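Trainee: I'm new to this one. Could you walk me through how to read a few of its features?

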Amino acid sequence: MAPLNTRARGDGTHGVTIVLTAPQRNSVQSVDIPGEPDRAAWSGKMQFFLSIIGYSVGLGNIWRFPYLCQQNGGGAFLIPFMIMLVLEGIPLFLIELGMGQRMRLGALGVWNTIHPWLGGIGISSCIVTLFVALYYNVIITWVFYYLFNSFRYPLPWSTCPTNGTGFELEECAKSSETTYFWYRTTLDAAPSMDEPGGLKWWIVLCLLLSWTIVFFIVMKGIQSSGKVVYFTSLFPYIVLTIFFIRGITLRGAGAGLMHMYTPKVEKLLEPTVWLDAATQVFYSFGLAFGSLIAFGSYNTPKNNCVRDVLLVSVCNAVTAIYASVVIFAILGFKATVNVDRCVASNTDILVKHALLPFKNASSEEYEAVMQKINGTELDALHLSECSLSKELDNAAEGTGLAFIVFTQAIVELPGAPFWAVLFFTMLLSLGLGSQIGILEGMLCTLFDIDIIKRVKKQHVTGVVCLFCFIVGFIFCTGAGEYWLKMFDSFAGTIGLVVVALMEMIAVIFIYGHERFTEDIYQMTGYRPGVYWQMTWRYIGPVIMVCILVSSIVFMVIRNPTYGAWNAEKGIVEQKDYPNWVMGIALAMILAGVLPMPIVFLMRSFQCLKVDLDIHQGSIRRNETTASTKEMIDNDDDEDEDDENDFSGPALGGHVKTQSDFSDEDEEDKPMTMRMMMMRSTTINAATPLKKMGGNHLNVPTSRKQNYKKDAYDV
């Protein structure tokens, strides 16, 4: 113990009192934060906000949300999207960010602290995050390849290559320039997953570059990644604004926007529309990855996390809508150009067959002739149907939108290489921002493990990136895109939804919604009201269950397929996944779900030894001679109630360990104030300190042992 300060009293003696104080419940100032005292922290509020924005605003806002709007009722889709945002996204967002900030631990530490039996949630989250990180960086790899080719003039996907005789290659002629460049030049696509072909060296090099850049960004945690987010978070908005200004001035932009946002209210009666909205909200926030918990853990305990959640949610939704406007304005221009080409081609045919007098005929004359031609004559003359709405309905999603449809629109713009560089740099920024958050969540979970804490973060990060790079070779074959779609369909769907559902149950029904409400109040000064309580306790879990059940049902009813490239026909054909691939998919789903029940069973049956850092109280010195009897009595009363107290360490409560459930492990109990006093004996004031046995306090073997409480003059 530290030297005891003494002060002369009126009676000529010196007095010192050792006061044992218990933490006051429901008080941030008095509760020992369970996290690490030297934990890394954000250098400023802006760095934290931009990191969250860069993580949650990702590629899905660019190539998934516009497609969902188009397919699910146009502007009417915004109604279920906003409703699901309010009822599902924001409440779960606050749970993850708030628990991370309160506990100051990663995903594994948070759930272990709430209850050791819940440790599997953190493990499942880490495994699913690993699967997503594997294929997400492959998208960045493809973006790098397109970015490098964007510096060529003319753009390599603007024309079809020719054979030795000067004719276009048949594969390109049957498809299109951008489709050929994607499937043949970039991917060198295989005919099926059973015939993957060898590794494509250019993709391997780009994958190596991607993981190298990601490693240098995240190798020191937020100290290194926090500086990069200023670019990855802000640059996409600059590019979107440039594209917006250019897009709305293009011919046909208005038609594209009208097609997208014209509300089809009848679509709202279809359950799949609401399911798509709920799923989009869930994935657009990046929930259940553990990244939001990690980001929150780097905040100070007094940070206003409620305000952060609301700001990020609004920013996420506005970005998705804003990106949709930009995408469909430019797609409207592309559709208009394609229709004009179609009309010009039909006009040449009509003039050739003397159905039109000359090529410069007005649009009214052209339409009048086309209406007179029936379907049989249309096929006989090889005429095409030129429809703007049909062109706009062909809008794709995902890689098809980014690498095929939008690249074709860029070719039509004056100064195409400049716009291509801007577009793919924006995709690169969005991808890196999300990948940084994904890896940060996984690494933060790993560093909750004591063994890994002893290793430098740079070394652990390097091993993780090297492992992911090697496993990523399966995405560098001719079947790389097929594997990516399989990972996206199975690895990051059911597992994430189950983890999110268990997180909500753990916090609201095990940790306690009242306790979590009090945590939010102590951290922010705002006490969550009826809206939060209803969404946390009832509405949110119901929505998550609906997403989970519907995902499983659709997976069973709809036979899973993937789109394979048919080089002979120049089209994408749907094929069934091979049985061995479905076995791998099932294994990934189980790997992301099984850790939760396994850890629960092993710890409930005491197959694993639980090691928790329990903050029960502290010893402090007090230069008064007031009796400690009242304080010790209060602590004794609180300890009597520990049997029925489920408070976690975040509020100073007792955390149940295995020793609480077994008499044989009684000696392994953490030392509490009552235990220390139970082993204390009456000490004579004249007895030397050496004879007192030093300051060693033994842990009692019985909770009900009698003891004597006094204050002693030394």
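This is a predicted model: local features need pLDDT of at least 70, side-chain atom pairs count only at pLDDT 80 or more; totals for chains, interfaces and linings use all residues.

Trainee: Which parts of the chain does the pair of lysine 457 and glutamate 440 link?

Mentor: Distant ones: lysine 457 sits in helix 21 (residues 457-471) and glutamate 440 in helix 19 (residues 416-446), 17 residues apart.

Trainee: Is glutamate 440 buried or exposed?

Mentor: Buried means under 20% relative accessible area. Glutamate 440 has 0%, so it counts as buried.

Trainee: How far apart in helix 22 are glutamate 481 and lysine 485?

Mentor: Four residues, which means about one helical turn lies between them in helix 22 (residues 480-491). Glutamate 481 is buried, at 3%, while lysine 485 is partly exposed, at 30%.

Trainee: Which residues are linked with Glu171 in a network of salt bridges?

Mentor: Arg184, Asp188 and Lys200. Glutamate 171 is in helix 7 (residues 170-174) and arginine 184 in helix 8, so the pair ties together parts 13 residues apart in sequence. Both residues, glutamate 171 and arginine 184, are buried.

Trainee: And at what angle do the axes of helix 6 and helix 8 cross?

Mentor: Roughly 115°, with the axes coming within 12 Å. Among the contact residues are Trp142 and Tyr145 of helix 6, plus Phe181 and Trp182 of helix 8.

Methods
Residues are numbered from 1 along each chain as its sequence is written. Side-chain values use heavy atoms; hydrogens and water are left out. Axes are lines fitted to C-alpha atoms, for helices over the stretch in contact, and angles run from 0 to 180 degrees between N-to-C directions. Helices (H or I, at least four residues) and strands (E, at least two) are DSSP runs, numbered from the N terminus. Contact means heavy atoms within 4.5 Å. Buried means under 20% relative accessible area, exposed over 50%, partly exposed in between (1.4 Å probe, protein chains only). A salt bridge is a side-chain nitrogen of Lys or Arg within 4 Å of a carboxyl oxygen of Asp or Glu.
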